[in-house]
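Please work through the exercises below with the sequence and the model at hand. Each task is followed by a solution in steps.

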Amino acid sequence: MARSIIIAILAAGTFTAQAGNWSSRTLSGNEVMVDPNTNRATVTVDGVTTQLWEGTHRLQDGSILIIRNGIAIPNKKILESRELPVPEPAEWEDLPIVGYSPCEKLVRRVCGKEGQCVDAKGCNPSQQLLSMERQERESSSNRNLMTYTSGQCLKADRDMEFFASCKQ
């Protein structure tokens with residue numbers, strides 16, 4: 001019965017997806033932008049745009065942006081700017097995964113970032129989906145692309161009743 005519930009849950013929904021653009025300002029007021037495709041950060045100082053230097057940068061909104069090996073480590077605000085509606089299967093398969101995969105996001109939301117809600121009814125099914133997604137990605141020639149199960153996780157993430165968010 002649980003399997004039929006999950007299949008019914010996963011069968012719902014249509015959306016489109018693109019990586020969201022993100023920008024902010026440094027404490028000194030310079031604009032910082034992160035390319036959604038490469039995670040490379042640039043800063044514009046006195047009208048000149050250059051790559052943001054290695055290290056930790058505090059932004060005007062109080063958040064921190066870390067640049068490691070020339071790549072921005074996506075912070076919560078960057079990841080939130082990229083969270084978009086669920087696309088149709090033909091549209092999402094083979095799209096690049098930016099940040100956490102859809103199944104990793106689902107598990108983190110349902111089971112808790114530290115596994116605090118591992119006994120929740122939706123935790124085990126979300127972990128099974130993550131396992132399937134990992135197997136599909138490992139057998140793929142490009143492991144950074146969404147798979148069929150990635151799309152199923154996007155759809156499952158919309159069911160807030162069965163896949164309820166961990167509140168701990």
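Predicted model: local features only at pLDDT ≥ 70, side-chain atom pairs only at ≥ 80, totals over all residues.

**Exercise 1. Classify the ring geometry of F162 and F163, and decide whether F162 is buried or exposed.**

Solution. 
- Step 1: The count of aromatic pairs comes to 1.
- Step 2: The ring centres of F162 and F163 lie 4.9 Å apart, and the cut-off for a pair is 6.5 Å.
- Step 3: The planes of the two rings stand at 80 degrees, so the pair formed by F162 and F163 is edge-to-face; the limit for this class is over 60 degrees.
- Step 4: F162 has a relative accessibility of 12% and therefore counts as buried, the cut-off being under 20%.
- Step 5: F163 is also buried, with a relative accessible area of 0%.

**Exercise 2. Describe how α4 packs against α5.**

Solution. 
- Step 1: Helix α4 (residues 102-111) and helix α5 (residues 123-138) have axes 9 Å apart and pack at an angle of about 160 degrees.
- Step 2: Angles over 145 degrees count as roughly antiparallel, and α4 and α5 are therefore roughly antiparallel to each other.
- Step 3: The crossing of α4 past α5 is left-handed.
- Step 4: Residues of α4 in the contact include L106, V107 and V110, and those of α5 include S126, L129 and L130.

**Exercise 3. Repeat the analysis for α5 and α6.**

Solution. 
- Step 1: The axes of α5 and helix α6 (residues 148-156) are 8 Å apart, and the packing angle is about 150 degrees.
- Step 2: α5 and α6 are therefore roughly antiparallel to each other.
- Step 3: α5 and α6 cross in a left-handed manner.
- Step 4: α5 contributes L129, M132, E133 and E136 to the contact, while α6 contributes Y148, T149, S150, Q152, C153 and A156.
- Step 5: L129 and E133 of α5 also take part in the contact with α4.

Conventions
Residues numbered from 1 in each chain as written. Heavy atoms only, no water. Phe/Tyr/Trp six-rings, centres within 6.5 Å; stacked < 30°, edge-to-face > 60°. Buried < 20%, exposed > 50% of the residue type's maximum accessible area, 1.4 Å probe, protein only. Axes fitted to C-alpha atoms, helices over the stretch in contact; angles between N-to-C directions. Helix = DSSP H or I, 4+ residues; strand = E, 2+ residues; numbered from the N terminus. Parallel < 35°, antiparallel > 145°, perpendicular 65-115°, else oblique. Left-handed = near helix turned anticlockwise from the far one by under 90°. Contact = heavy atoms within 4.5 Å.
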